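Me: Please take one part of this model and go through it closely. I would like to know what it packs against and what lies around it.

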Amino acid sequence: MSNRTTGSAQRRIFLDKQSPKAFHALAQTAEAVRAVAAEAELDRTTVELINLRVSQMNGCAYCLDRHTKAALREGESTQRLGVLAAWRDTDLFTRSERAALTLAEATTDPTNAGAQASAYEAARQVLTDDQVSAAIWVAITMNAFNRVSIMSKHPVTALREA
């Protein structure tokens, strides 16, 4: 028997629920990456900026919602979050954050080898080797979570106003 609904709309499988062992392994990877980032002294705000920029590039509404909330909890400003998609056009981000964002973009869209090499070399001028590695791992992991949420069509629920 099929799990599909009738008509043109099909119910999406929530991949995290359908294959919990695989999702658990991804969640464990995320925990390891969080630890690597902390050990490399890549601050939580920078990690959340990476998560958000990757999610913007991939168009993942669920992850954008989740990581915007996380960034705000970490003390990120609404101004910086509002201009993150155009971060290159502002002076609101530090050299380290810019390096991490450049790596995140190169990791998310690796088709341009020249841009990827340029991003990597620029990041090596500002970040430690451990921070470069951590930033790339954060982007890789976020890309994976984006794919899970996009393909599952995880919903974004409206906040209830008080």
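Reply: **Helix H4 and its surroundings**

The buried residues of H4 pack against helix H3 (44-58), helix H5 (78-83) and helix H8 (129-152). Here a helix is a DSSP run of H or I of at least four residues, a strand is an E run of at least two, and both are numbered from the N terminus. Buried means under 20% relative accessible area, exposed over 50% and partly exposed in between, with a 1.4 Å probe and protein chains only. Contact means heavy atoms within 4.5 Å.

This is a predicted model, in which local features need pLDDT of at least 70 and side-chain atom pairs pLDDT 80 or more, while totals for chains, interfaces and linings use all residues. Residues are numbered from 1 along each chain as its sequence is written, and side-chain values use heavy atoms, without hydrogens and water.

The buried residues of H4 are Cys-63, His-67, Ala-70 and Ala-71. They cover an arc of only 100 degrees around the axis, so they sit on the same side of H4. The arc is taken from the directions between the helix axis and the C-beta atoms.

The length of H4 can be checked too. H4 has 13 residues (61-73), which should span 18 Å at 1.5 Å a residue, and its end C-alpha atoms are 18 Å apart, in agreement. The expected span is 1.5 Å times one less than the number of residues. After H4 comes Gly-75, with a positive phi near 100 degrees.

Thr-45, in helix H3, is buried at 18% relative accessible area. Leaving out residues up to four places away in sequence, Thr-45 touches Glu-74, Glu-76 and Arg-80. Leu-49 also belongs to helix H3 and is buried, with a relative accessible area of 2%. Its contacts, apart from neighbours within four places in sequence, are Glu-76, Arg-80, Leu-84, Phe-93, Glu-97 and Leu-101. Leu-49 and Leu-84 are 35 residues apart along the chain, with 7.8 Å between their C-alpha atoms.

Of the 25 lining residues, Ala-30, Arg-34, Arg-66, His-67 and Phe-145 lie nearest the centre. The volume is about 500 Å³. A pocket is an open set of points on a 1 Å grid over the protein atoms alone, where a 1.4 Å probe fits and protein lies on both sides within 12 Å along at least five of seven lines; lining residues have an atom within 4 Å of a point. Points are joined across faces, edges and corners, and the volume is the space filled by probe spheres set on them.

Phe-145 brings in the aromatic rings. The count is 1 aromatic pair, namely Phe-23 with Phe-145, edge-to-face at 5.8 Å centre to centre and 80 degrees between the planes. Phe-23 lies in helix H2 (residues 20-39) and Phe-145 in helix H8, so the pair ties together parts 122 residues apart in sequence. Rings of Phe, Tyr and Trp (its six-membered ring) pair with centres within 6.5 Å; planes under 30 degrees apart are stacked, over 60 edge-to-face and the rest tilted. Phe-23 is partly exposed at 27% relative accessible area, whereas Phe-145 counts as buried at 17%.

As for the setting, the protein has 8 helices and 0 strands. Of its 162 residues, 36% count as buried.
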